[in-house]
Amino acid sequence: MNKLLIGFSVGLLVGLLFAPAKGSETRETISGRGRDLKNKFNDLVDAVTNKFDSIKDDVDDLAREGKQKARSFKNEMI
């Protein structure tokens with residue numbers, strides 16, 4: 001039993017000595033990275049949405065121009 005207790009104590013001491021940061025600091029780092037990832041994802045979604053809106057506007061403009069040309073051509077034929 002003493003060897004188990006000594007082994008546990010040594011393991012705990014080594015873990016504390018080599019731990020890169022306190023638990024609260026580690027949690028804050030993970031949380032910060034999560035927020036950064038969320039913000040980057042939201043930026044990506046916004047960029048894709050804006051691109052689709054832009055393409056939709058371009059297609060609407062082309063359709064409008066096509067209709068005008070078709071009407072103009074029809075009027076010329078009559």
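**Exercise 1. Is aspartate 60 buried, partly exposed or exposed, and what is its relative accessibility?**

*Solution.* Start with the cut-offs: buried means under 20% relative accessible area, exposed over 50%, and partly exposed in between, with a 1.4 Å probe and protein chains only. Aspartate 60 has 31% relative accessibility, so it counts as partly exposed.

A word on the model before going on. This is a predicted model, in which local features need pLDDT of at least 70 and side-chain atom pairs count only at pLDDT 80 or more, while totals for chains, interfaces and linings use all residues. Residues are numbered from 1 along each chain as its sequence is written, and side-chain values use heavy atoms, with hydrogens and water left out.

**Exercise 2. Describe the overall form of the chain.**

*Solution.* Step one is to look for helices and strands, which are DSSP runs numbered from the N terminus (helices are H or I, at least four residues; strands are E, at least two). The chain has two helices and zero strands.

Step two is the radius of gyration, taken over C-alpha atoms. The chain is more spread out than a compact globule, because its radius of gyration of 32 Å is well over the 12 Å that the globule rule gives for 78 residues. That rule is 2.2 Å times the number of residues to the power 0.38.

Step three is the extent: the C-alpha trace spans about 105 × 20 × 15 Å along its principal axes.

Step four is burial, and here 1% of the 78 residues count as buried.

**Exercise 3. Find the salt bridges and place their partners.**

- Arginine 35 pairs with glutamate 28, with the closest N and O atoms 3.2 Å apart. Arginine 35 is partly exposed at 43% relative accessibility, and glutamate 28 is partly exposed at 48%.
- Lysine 56 meets aspartate 60 at 3.2 Å, N to O. Both lie in helix α2, four residues apart, about one turn of the helix.
- Arginine 64 pairs with aspartate 61, with the closest N and O atoms 2.5 Å apart. These two are three residues apart in helix α2, so about one helical turn separates them. Arginine 64 counts as partly exposed at 47% relative accessibility, as does aspartate 61 at 35%.

**Exercise 4. Which residues form a nonpolar patch on the surface?**

*Solution.* Patches are made of residues with over 30% relative accessible area and no salt bridge; like charges are joined within 9 Å, and nonpolar side chains (Val, Leu, Ile, Met, Phe, Trp, Tyr) within 5 Å. The patch consists of Phe41, Leu44, Val45, Val48, Phe52, Ile55 and Val59, together about 660 Å² of accessible area. Such areas come from the Shrake-Rupley method with a 1.4 Å probe; for residues, only the protein chains shown count as cover.

Now take one member: leucine 44 sits in helix α2 (residues 23-77) and counts as exposed at 51% relative accessibility.

**Exercise 5. How far apart in space are glycine 23 and arginine 64, C-alpha to C-alpha?**

*Solution.* First place the residues: glycine 23 is in helix α2, and arginine 64 lies in helix α2. Then read the separation: 41 residues in sequence and 61 Å in space, C-alpha to C-alpha. For another pair, arginine 64 and aspartate 46 are 18 residues apart in sequence and 27 Å apart in space, again C-alpha to C-alpha.

Definitions and conventions
A salt bridge is a side-chain nitrogen of Lys or Arg within 4 Å of a carboxyl oxygen of Asp or Glu.
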